[in-house]
Structure formats: structure tokens, C-alpha cells
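Visitor: I am new to this structure and would like to learn how to read it. Please take me through it one feature at a time.

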Amino acid sequence: MTVDSNNVLINFNDIYRTYYMGAEVINALNGVSLEIRKNEYISIMGPSGSGKSTLMNIIGCLDTPTAGVYQFESQVVCDLTGDSIVKMNDNELAKIRNKKIGFVFQTFNLLPRATALQNVELPLIYAGIPKSERREKAMYSLEKVGLLDRATHKPSELSGGQRQRVAIARALVNSPSIILADEPTGNLDSETSKEIMEFLDELHSQNNTVILVTHEPDIAKHAARVIQILDGKIDSDIRKADLVN
Amino acid sequence: MIDYFRSAYHSLISHKLRSALTILGIFIGVWAIVSMQSIVEGFDNSIEKTMAAYGTETFFVQKFPAIMMGHNWRKYAKRKDFEYEDAYFLEETGQYLRSVSAYMANRVQTIKYRDRKTSPEVTVVGSTAGFFTTNATTIATGRAFTRQDADHRNNVAVIGMDVYSELFIFEEPVGKEISIGSEKFTVVGVLDPMPGGSFESQDNLIIIPITVYQKFYDRSSDSMQLMLRANSSYVISEAMDEAISLLRIRRKVPPGEENDFELFTGDSIIDTMQNMTGYIQLATLGIAGISLIVAGIGIMNIMLVSVMERTREIGTRKAVGAKSAAILWQFLIEAVILSEFGAIIGVAAAFATAWLFTTLVPDMEAVIPLWSIIAAFLYCSFIGIVFGFFPAKKAAKLDPIEALRYE
Ligand SMILES: Nc1ncnc2c1ncn2[C@@H]1O[C@H](COP(=O)(O)OP(=O)(O)OP(=O)(O)O)[C@@H](O)[C@H]1O
Ligand SMILES: [Mg+2]
């Protein structure tokens, strides 16, 4: 336990995310407890509306829970159990997103008017890294996804798969602790999906922690651990090793 | 910080037409303020220089006010005309008046001598013999014309230095016959160059007896002016009081009634002028100030649209770690750049306008005062900040998840 606790990246303890829509109460997350270690490769599956994206957003500090305790690398992001409410403020959350999290979205979310290189540089700008170093890191990151020759292209001049690779390069550029990919292949055909999944596999093999949301069992298979979500709760949490055993 | 500017610049460039329309209001406002200031300033300067040339001992009398405001032209036109003999009367009777001359000069002409001619811009002055003392001019060669010349309507002329150098090179001018239009005149003297700070040369003139001037050029005496010179600048107010009472007697103005003539000094003209231009200045400042506020509202409007259009971009920026303050700055700087850009073109257009005025209007040098440029830029920054703040705050406060989900 003591040895392992050093390796724990994310710790969820009875996390709720509740929306109040007039009289209606929606528990997008309904008591989730979860531990994610360094260098894990996890798929999250579940029907539409089950709370997968909500979970990802909370892990990625884009959203905050309405109840429960969330620790990230043993820092308390929020503790809403006791009488005393502990919560990081917006700037602290932004800093975690900037330094520790790499997001990959289904819809890519690249800045349309910026070049591939400028898009990859974006997190570094907010990290306050000087320009020359920024260039260098962004180029290196683009090289990793094989798009160095497209550095000056705008997103509109790139294919869907290339756009997603730029997004992955952007997610990687700050050497984050974890990469969160919410249906990264949702907008891509199966051929391109395969290509993207190869990148994610490779990232994992280079000691990155990767969490992936997907509807497709084929894609989920890439991960060593598959978590099923149903109605805001963890339905099952299976490691490949367990399956083999 | 530089990155904020760069990104703001790029986003404005990518909406060229929209940005251009937005800054139109700023541009017009700044242009109006700055060019108006320069014209007013140029006007004031030119009046001041022209008037300063007359010194502090001289003052003027005529039917019409020096500067006419309003529409009561008729009232002044009905007043009795001045006669050149009034100048003789005042000079002889006035104790504080060193000299008095009558004066008419509404005409420019080409002067010819044999096969030579001057530019068509020589001012023809009709005056009395007193001209030379009231203007404190001296004769370089020959003589001034006399009262007899005026009384006998002799076709004699005293020419200014510029006319002299244009017509006579190695020749003695005195006694030569020159022509103004179809009339022949004998040159009796040449004036020394006149002191004076005006832009225009004071020496491009020809002086003929006022009686002759009236005979050939202007029978009406509407525009006749008396120029009076006090014994010294210390007694100028006594001299003016004396001139008023002597003229009231001569023109039979009943006691208690207001003067049927106007009296002014160079200083009083400058004052009236500057008062008037001050009002113009204030009015343009007010109008342009309001137009800039309206332009500011335009900026706010366009920034709100821009924030809405770029909701996803804002979400993306926040997702990769932009703090709210960073987003606030981004949009605020964009608004300020937008308005400053308008200010830059406005100032540039004002420079063009000032240049145009300086070239087209003689005697006028429209200079753009530095303070007006600084004020324009400061005011536009202020407008950008004030009207950019609300949209920028709105952008900064967006929830990242909702922003990312925005269609
Ligand atoms: N802003 C919100 N206000 C109200 N309810 C919300 C809001 N965001 C999410 N929900 C609800 O929370 C639940 C979980 O949503 P979530 O987006 O996490 O689902 P998901 O598992 O990602 O679905 P999908 O597979 O379609 O992406 C849904 O029932 C949704 O309606
Ligand atoms: Mg989802």
C-alpha cells in the first residue's frame, strides 16, 4: 500500500455530480469511487448519457463534483465530505489543466484560424514558456505524431485524422501526467480510427497514462482496463490481467 | 503579453471588413477632432501674426464690425459711409492721434512696365498721404505721395519692394510709367521692406491715392477703413476715446445713441477670433466625443458577437489551461487595438487634411498640436477599455464545459 500509493495518480472517493433542472435532479455521477495509477491504460464504456464525459471532465478539472473527495497526485482538488469544504479555485484548476492534463476531444477543438504549430503551442503560451522554447517543444510534439510537414497548415487544410493528430500533439506538448481522450475516434472512419489508436497505444508504451472513452468494444480492447459506467455508477471495472486469469 | 497582442491582431485581421466597419466610427471621430484642432490652431496663428504686424499703437474704424456674426448686415450697411476727408479731420483735430489714413484694398492686379509684368497678385491699396505714417513705413527711393496728389487725383503710385524687383532690375523706377490694368500711373517712390510677421510678403503691393482708387476701381465707399495711429502705445485708450467722440460729432450721432461705426484694435480682433474659434473647438470636441462613445458602443456590440462566435475557442483555451484573466486580457486588448487602429487612421487622415488646408488656403499653416494626438490616443484607449470590458468579462466568465459544447 505504501509503495503503491506513490503510484496513485487519481483518487475518487464517492464522487457525485448533480444537476438540478427545475424540480428534476439528475445525478450525472452517482457515487463513483475510483483509483487510477500511473501508466495505466483505461477504457471507459457505457450507454449514452451514462456519465462518461462527466467523469472525464471531472478528472480533467474542467468540471468539479458536487460531493465527494477528489485527489490528483495526492493534491486535494476538492473535499466536500466534511463540514469544511476544500476546493481549488479557478486559477489552480486552470494550472492543473495546463500542466498535468492533456485533453483529446471527439470534435478536435482546434483553433480554426491558427496553424497546426500554433495550436500545439497554445498550452505552452498559458504556461508562460518563452517563444523559442515553445517552438522547439511544439515541433517536437508534431514530429511525434508525424505532422512536421504540416506545421504551417490550418485545421481546415487537414484531414480529420490529421486534425486529431494535431490535437494529440497539443495534448502531449506539456508532458502531462495523464491524457484524457473522450471518444477521440468518434468523428473518424475506421481506417483513421485505427491510426489514432496506434498513436494512443504508442503513448501508453512510452509510460504515459491514458484514459479513453469509447462506444466501440474493438477500440476499448486496446486498453488494459475497461470500466463500464451505467447511470452515473461504475457497473464493472475489469483489468485484462483478470480476464486472462 | 506579446502573445496577446499577436493573437488579437490575427483575430482582427481575419475579420477585415467587420473590423473596418467597427473602427469607422472611431476613425471619423478622431479625424474630426484632430483635424479641426489643427485648422483652428492654424487660423488663430495666422490671425495673430497678421494682426501683430500692426503693432500696439494702431487701431481701426469702419462701418462694419471686424468680424460679423449673425445676419444684421443690413443694419451696418445702412450706416453712413466714411469719406477720406474724415482721415484729414481726425489727424488735424485729434491730440492723441499722430496720423490717420483712409484705406481701401479689395483688389489684386497685374502691374506692367514695358514688356515686363508682375504676378497677378499685387494688392492695390488706395489710401491717403497718411498711409506712410500710420503704417510706419519708410521710403527707399523717391517720395511718398501727398495730400495734393490725392486731392488732384494724380495718377501716381508708390510701389512695394516686391513689385519693384519684379519690374525694374537695373533701372531707376522713379518717374517711370507703369500700368495697372488699362490705367497708367507714374511711379513716385519705392517702399522699404515692411516689418511684419505674416506668411505672405507685405511688400507685394502698390499704393495709389484713394481718390484715384475710387475713380477707377470702387466708387462705393462701403469698405473704406480708417487706420489711426496714436502718439504712443501708452495713450492708445485716450486716442480711441478721442476718435470716438470726434467721429460722433462729425457723423452727428445724437447723444445717448450708440456709435454708427465700429472701432477695433489688432488685439481685439485676435480676441474675438479666438473666442469664436474656441466655441468651434468646444463644439467639435463635444460632437466628436459623443461620436466616439457611439463608436465605443459599436465596438462593444462587435466584441459581444465575437465572443459568442468564439465560444468554442474560449472553451478550448480554458481546457488547455488559460486562466480567466488571460481570456479577459485577450478580448480587452482586442477591443483596445481595434479602437487604437481607428485612432491611427483618424490621425493620419487629420494630417492629410491639415496638409490640404495648408496648401489650399493661403496664409494658413494648419499644424496638428501634439496634445491633440496624445489626447486622441488616450481617449480611444479609454473607449476600448470601457466598452471592451463587458464583452471581455463575459468571455472570461464562460464555463469551459458549456463553451466546448457550444454549437
Ligand atoms: N449541463 C447539464 N445540465 C443538466 N444535465 C446535464 C448537463 N450535462 C450533462 N447532463 C446530464 O448528465 C448525464 C451524463 O451526461 P454525459 O455527457 O456525462 O453522458 P455521456 O455518458 O458522456 O453520454 P454520451 O455517450 O452521449 O457522450 C446525462 O443524463 C446528461 O443529460
Ligand atoms: Mg460523452
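Visitor: Which chains have residues that surround ligand 1?

Guide: Residues from chains A and B surround ligand 1, so the site is shared between chains. Before going on, note that this is a predicted model, in which local features need pLDDT of at least 70 and side-chain atom pairs count only at pLDDT 80 or more, while totals for chains, interfaces and linings use all residues. Residues are numbered from 1 along each chain as its sequence is written, chains are lettered from A and ligands numbered from 1 in the order in which they are written, and side-chain values use heavy atoms, with hydrogens and water left out.

Visitor: How many residues surround ligand 1, and which are the closest?

Guide: A residue is near a molecule if one of its heavy atoms lies within 4 Å of it. Here 14 residues surround ligand 1, and the closest are Ser48(A), Gly49(A), Lys52(A), Ser53(A) and Thr54(A). The shell has four nonpolar, seven polar and three charged residues. In this classing, Ala, Val, Leu, Ile, Met, Phe, Trp, Tyr, Cys and Pro count as nonpolar, Asp, Glu, Lys and Arg as charged, and the others, Gly among them, as polar.

Visitor: Which backbone atom lies 2.9 Å from an oxygen atom of ligand 1?

Guide: A polar contact is a pair of N or O atoms within 3.5 Å; within protein, one must be able to donate a hydrogen and the other to accept it, and residues adjacent in sequence count only if both atoms are side-chain atoms. The 2.9 Å case is a backbone N or O atom of Gly51(A). A polar backbone atom of Ser50(A) is 3.2 Å from an oxygen atom of the ligand, and a polar side-chain atom of Tyr19(A) lies 3.4 Å from a nitrogen atom of ligand 1. Taken alone, ligand 1 exposes 630 Å², and the protein buries 71% of that. Accessible areas come from the Shrake-Rupley method with a 1.4 Å probe; for residues, only the protein chains shown count as cover.

Visitor: Which element gives the most to the shell around ligand 1?

Guide: Helices (H or I, at least four residues) and strands (E, at least two) are DSSP runs, numbered from the N terminus. H2(A) gives the most to the shell, with three residues.

Visitor: Is Glu313(B) buried or exposed?

Guide: Buried means under 20% relative accessible area, exposed over 50%, and partly exposed in between (1.4 Å probe, protein chains only). Glu313(B) is buried, at 9%, whereas Arg113(A) is partly exposed, at 31%.

Visitor: Which residue forms a salt bridge with Arg310(B)?

Guide: The partner is Glu334(B), with the closest N and O atoms 2.9 Å apart. Arg310(B) lies in the loop between helix H10 (266-309) and H11 of chain B and Glu334(B) in helix H12 (residues 324-360) of chain B, so the pair ties together parts that are 24 residues apart in sequence. Both Arg310(B) and Glu334(B) are buried. Salt bridges that share partners join Arg113(A), Arg310(B), Glu313(B), Arg317(B) and Glu334(B) into one network.

Visitor: How many aromatic pairs are found over all chains?

Guide: A pair of aromatic rings is described by the distance of the centres and the angle of the planes. Rings of Phe, Tyr and Trp (its six-membered ring) pair if their centres lie within 6.5 Å; planes under 30 degrees apart count as stacked, over 60 as edge-to-face and the rest as tilted. The whole structure has 13 such pairs. The rings of Tyr84(B) and Tyr88(B) have centres 5.7 Å apart and planes at 90 degrees, so the pair is edge-to-face. Both lie in helix H4 (residues 84-93) of chain B, four residues apart, about one turn of the helix.

Terms used:
Salt bridge = Lys/Arg side-chain N within 4 Å of Asp/Glu carboxyl O.
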